[in-house]
Amino acid sequence: MEKSSDTKRYRERIIDREIKRYLETFGAVCIEGPKGCGKTSSSSRYANSKLLLADPSNHYQNKRLSEIDPSMVLQGETPHLIDEWQEVEEIWDAVRYALDQRGEKGQFILTESSRPKRKELRVQNGAGRIGRLRMRTMSLYESGDSSGMVSLEELCEGRITPCLTGEVSLKSLAYYIVRGGFPFSLDAPAENAGIVSLSYIDTNLKDDAERIDGIKYDIEKMKLLLRSLARNESTTVTKKRLENDIKEIDDGSVDYDTVNKYLDVFQRLYLLDNQKPFSSNIRSTRRVKTREKYHFSDPSLPCALLGLTPEKLINNIEAFQRMFESLCNRDIKVYAESFGAEVFHYQDYSNREIDTVVELKDGRWCAFEIKLGANQIDKAALNLIEIRDKIAKEGGKAPSVLAVISGMSNAAYQRKDGVYVVPITALKN
């Protein structure tokens, strides 16, 4: 088995600390996430040996040998990295059995870029032995585009030191969105960013979608649905609306059952990273909606599907706002999960919405509005205060912190009404 080594320049990732902690806690850790987000690079830093199942060398020799005898992939100095374990489904059981026999922590690191349905039961059987971590594309702080002057964890505790964070241009924000956070795209010029992301989508659909369940899917129809999702990025659009949206632009259409099936495939390819609805801990009489809010796993993907360049985003403020929310949602998830918090959205039947909810481990929750322009901050703050007061009046559990995450603000501070304002380009975990 190949000895793991770091030969290329490595950018520190927030999840790195969690990988180390999980190896000290579990027999193995499985890192899941979209292809190309950096799982192998981060895992290699902690592995003393590795086996790459997706390596095409010698006609995919590693994969072929693993199919003959799954126990072969377990050989190597620990922690032993098995990259893209899902290529051979029996590996999960082999790892689980080895962990039972060894009874030691930190034996294996597994990575996963897709999850065929037939493997989901096996994954559940690893509970208690194999810890799972979700890795996302790089946040602005990880890519060096956020100063990190404000900690999300401290903000959620109501602690913030007012500071000037510097001017940010619309052009820069548009570039960060279109470029995205895939490590392979960080140095891409703005005019090429969309090409890279479109190629990424094609590769996922052609190389992975058709074999994820052993079924030949209609790639062109999948692309139609992806484009519809891109037009509805950062919304709680219904599946029926997605179906009708496709009918408006294509006579062949995609029926409701196919929409359902393809959405499931996109989830298991980690192309989507939706926000679940928040309601369980409010305990208010106010009825809340239970639809997920659709997000791609990286803001560059919907931009590529819609042909949005930085210049086109600047000239389409509505699309800019939705894609900016997508970027902020990704970053907030990366930061919040590093300290054990979960991220949701809130929408009730009075049509009141909170863009992002961060629920802390002790049950407290924080409400965030995401706004591109500084001229939207007053309205966003008022919305947060009104929702908080309504929930409290009805006997529910109100948010402990209210904040507006902005694009064009040049300072982090607390307003007189108690609402915090923080630029996304100053935020970190």
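These questions and answers walk through one predicted model.

Guide: In this predicted model, local features need pLDDT of at least 70 and side-chain atom pairs count only at pLDDT 80 or more, while totals for chains, interfaces and linings use all residues. Residues are numbered from 1 along each chain as its sequence is written, and side-chain values use heavy atoms, with hydrogens and water left out.

Visitor: In what order do the eight strands of the open sheet stand?
Guide: Strands are DSSP runs of E with at least two residues, helices are runs of H or I with at least four, and both are numbered from the N terminus. Two strands pair if DSSP finds at least two bridges between them. The pairing here is mixed, and the order is β7-β13-β14-β12-β11-β10-β9-β8.

Visitor: Which strands stand at the edges of the sheet?
Guide: Strands of a sheet pair through backbone hydrogen bonds, either parallel or antiparallel. An edge strand here has a single partner, so one side is left without a neighbour in the sheet. The two edge strands are β7 (163-164) and β8 (276-277).

Visitor: Which residue in β14 stands opposite Gln414?
Guide: Strand β13 covers residues 411-414. β13 and β14 pair in the antiparallel sense over two bridges. Opposite Gln414 stands Tyr420.

Visitor: What angle does α15 make with β11?
Guide: Contact means heavy atoms within 4.5 Å. α15 packs on the sheet and touches β9 (342-347), β10 (353-359), β11 and β12. Axes are lines fitted to C-alpha atoms, for helices over the stretch in contact, and angles run from 0 to 180 degrees between N-to-C directions. For α15 and β11 the angle is about 150°.

Visitor: How many of the 10 residues of α8 are buried?
Guide: Buried means under 20% relative accessible area, exposed over 50% and partly exposed in between, with a 1.4 Å probe and protein chains only. The cover over the buried residues of α8 includes α9 (190-209), α14 (310-314) and α15. α8 is largely enclosed by the rest of the structure, because its buried residues number seven.

Visitor: Is Leu384 buried or exposed?
Guide: Leu384 is found in helix α16. Among its contacts, leaving aside neighbours within four places in sequence, are Ile354, Phe368 and Val404. Relative accessibility is 2%, so Leu384 counts as buried.

Visitor: With which residue does the side chain of Asp378 make a polar contact?
Guide: Asp378 is also in helix α16. At 54% relative accessibility, Asp378 counts as exposed. A polar contact is a pair of N or O atoms within 3.5 Å; within protein, one must be able to donate a hydrogen and the other to accept it, and residues adjacent in sequence count only if both atoms are side-chain atoms. At 2.7 Å, the partner side chain belongs to Arg415.

Visitor: What is the angle between the planes of Trp85 and Trp92?
Guide: Rings of Phe, Tyr and Trp (its six-membered ring) pair if their centres lie within 6.5 Å; planes under 30 degrees apart count as stacked, over 60 as edge-to-face and the rest as tilted. Trp85 and Trp92 are both buried. Their pair is tilted, with centres 4.9 Å apart and planes at 45°.

Visitor: What is the omega of the cis peptide bond that joins Thr78 and Pro79?
Guide: Most residues other than glycine have a negative phi, and most peptide bonds are trans. Pro79 lies in the loop between α3 (57-68) and β3 (80-83). The omega of this cis bond is about -10°.

Visitor: What phi does Glu84 have?
Guide: Glu84 sits in the loop between β3 and α4 (90-102). At 11% relative accessibility, Glu84 counts as buried. Glu84 is not a glycine, yet its phi is positive, about 60°.
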